[in-house]
Amino acid sequence: MNATEQTNILQVDNLNVYYGTFQAVKDVSFNVMRGEIFGLLGPNGAGKTSSLSAVEGLLKQQSGTITVAGYDTLQKPLYARAAMGVQLQATSFQPELNVAEILRLYAGIYGVELGKEKLQSILKDINLAEAETKKFRELSGGQQQRVSLVIATIHDPKLVLLDEPTSGLDPQSRRQLWTRIEAIREKGYGVLLTTHSMEEAEAVCDRISIIDHGRIIATGTPQSLIDKHRDDPEVIAVSRRGRVTLEDVFIALTGEAVRG
Amino acid sequence: MEITIPKTSAVMTALLRADFTTLWRNRRSVVMVLLVPVIITYSWKGLVASAGGAFVLSNAITLGLVAVGLMGYTNSIARDREKGVFQRLRVSPVPSWAIMASRLIVQLTMILLLTLVVFIAGYKLDNISMSATGYVLTFLAAIIGGAVYLSLGQAIVGRISNPETVSSTTRLVYFSFIIVGMFGELGVLGEKFKHAVDWTPYGTVKNILATSLEPATWNNHTSEALLVTVGYTLVFATLGIKWFKWNTK
């Protein structure tokens, strides 16, 4: 194993995904390194979730390779999935189960011992000590996201995939979730997140890729992308308040038209 | 990077615990599924003397099996698929077969419970008692017969994605089985119809159950019914697996 393989938790090369005859992802390549938060940004229908679904194993790519912690997702799917933790866009658990039962289910699935003390310590850590017997649907949006995040990381995965994790949350819950995502990075995990929020990308991502019409059109740190495109006439035309932001660069690169 | 995948036994234990907890929380619908065969057993008390205890018990169990397969299993699969429960499980290191196996084991347990409840109801309400061999063989026949309706449910949930449409379709099929199966079986709809019903999933399952209760009455017709039952299961299961999608999008 060489140094690149050791630092790259996720390697995606020339990924192509189709829905019937429609190509949703076109020759997409990117990597996520250990201890890095990597953001995949794009308008609606740009190919973010399709790319993520291919990494998760929910969609099968027509061509290209995806390697998680050194395991090819097509050749060793169970090993690749054991190496990652996933928070889906719309997470749902059996509505009859309470929070403790859901945590026990996923701990069991990942082969993690979860005694009463450890369970209570986890719930206390996410400020849900009183919610042990509550049903998932009875929790607020922010509480649900915290439970989903703790399930995604219950087995100490090498890679954490977060699909629009702060969508629909109030500013307080969003800030709290950012802190938790940064704590995941501090543990040395790689994090791949998709988001619509440029504020979120600037606040937490170490590197980002902007994807549009299934293709990656820009990659770099948020600041490097701003610096690179600061003087583009399209960026200047869409910038407001005389200060170029990541959102201005994003709008200039992907267009102002509203997507479905 | 060394990654270990959890043992299948640990995964199955976790899935089964969750699925049995779900069943327990839905105990009201479980009672409803069990109640219909018990009511039939009681209301057909008058038929025991003329048609025999095996006739009453086999009809009651068959209707219970239809309810387990079509109402219980199919609707829970349709609902969990719609809600994304399966997608969440599929991004973890769980083989797809384990997710379905756990669901099916829960339903097989329901089938055994249903059969036991009908036996008890038959004994307590109608004074029907069979030989020990008859009871044991009927448990086995109930599993074989239940597989027909589970696989039929799988085919329905494979073909139809909307949970409400799945629910209305299974109700329609369930009531069709009650009307056509039960009344056809009794000869209410004519002799030709009665003969045709013999070879429907209702008729073949009812036949193998009735003969299992009285093993001495096993004949060629029962063997053919058993083969047809297995054939139905294979056809429905093949279609169900072929058509099934893990998500509705």
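This is a predicted model: local features need pLDDT of at least 70, side-chain atom pairs count only at pLDDT 80 or more; totals for chains, interfaces and linings use all residues.
**View 1. The six-stranded sheet of chain A.** Let us start with the sheet itself. Six strands of chain A form an open sheet in the order β6-β7-β8-β3-β9-β10, and the pairing is mixed. At the edges sit β6 (84–87) and β10 of chain A, each of which pairs on one side only. On average, and ignoring direction, neighbouring strands of this sheet are turned by 15° against each other. Strands of a sheet pair through backbone hydrogen bonds, either parallel or antiparallel. An antiparallel example is the pair β9(A) and β10(A), joined over five bridges. To find this pair, look for A:Asp212, whose bridge partner in β10(A) is A:Arg215.

View 2. Now move to strand β8(A), residues 190–195, where six of the six residues are buried. Strand β3 (residues 37–41) of chain A runs parallel to β8(A) and is joined to it by five bridges. Here A:Leu40 stands opposite A:Thr194 of β8(A). Strand β7 (residues 159–163) of chain A also pairs with β8(A) in the parallel sense, over five bridges. In this pairing, A:Val160 has A:Val191 of β8(A) as its bridge partner.

**View 3. Two helices lying across strands of chain A.** Helix α7 (residues 171–186) of chain A belongs to a right-handed β-α-β unit, together with β7(A) and β8(A). The helix α7(A) lies across β3, β7 and β8 of chain A and runs at about 150° to β8(A). Another helix to look for is α11(A), which lies across β3, β9 and β10 of chain A. Its angle to β9(A) is about 30°.

**View 4. The buried side of helix α9 of chain A.** Helix α9(A) covers residues 222–229, and its buried residues are A:Pro222, A:Leu225 and A:His229. Because these residues cover an arc of only 65° around the axis, they are on the same side of α9(A). What covers them? The elements include the helices α8 (198–204), α10 (233–238) and α11 (246–254) of chain A. The strands β9 (207–212) and β10 (215–220) of chain A are also among the covering elements.

**View 5. Two residues with positive phi.** Most residues other than glycine have a negative phi. A:Asp27 has a positive phi, near 50°, and is found in strand β2 (residues 22–33) of chain A. A:Asp27 is partly exposed, with 14 other C-beta atoms within 10 Å. In chain B, the phi of B:Asn127 is also positive, near 55°. B:Asn127 lies in the loop between α6 (96–126) and α7 (132–159) of chain B. Is B:Asn127 buried or exposed? With 10 other C-beta atoms within 10 Å, B:Asn127 is exposed.

Methods:
Residues are numbered from 1 along each chain as its sequence is written. Chains are lettered from A and ligands numbered from 1 in the order in which they are written. A residue is buried if 20 or more other C-beta atoms lie within 10 Å of its own, exposed if 12 or fewer, and partly exposed in between; C-beta atoms are placed from the backbone. Helices (H or I, at least four residues) and strands (E, at least two) are DSSP runs, numbered from the N terminus. The arc is that of the directions from the helix axis to the C-beta atoms. Two residues are in contact if their C-beta atoms, placed from the backbone, lie within 7 Å. Two strands pair if DSSP finds at least two bridges between them. A crossover is right-handed if, with the strands pointing away from the viewer, the path from the first strand over the helix to the second runs clockwise. Axes are lines fitted to C-alpha atoms, for helices over the stretch in contact, and angles run from 0 to 180 degrees between N-to-C directions.
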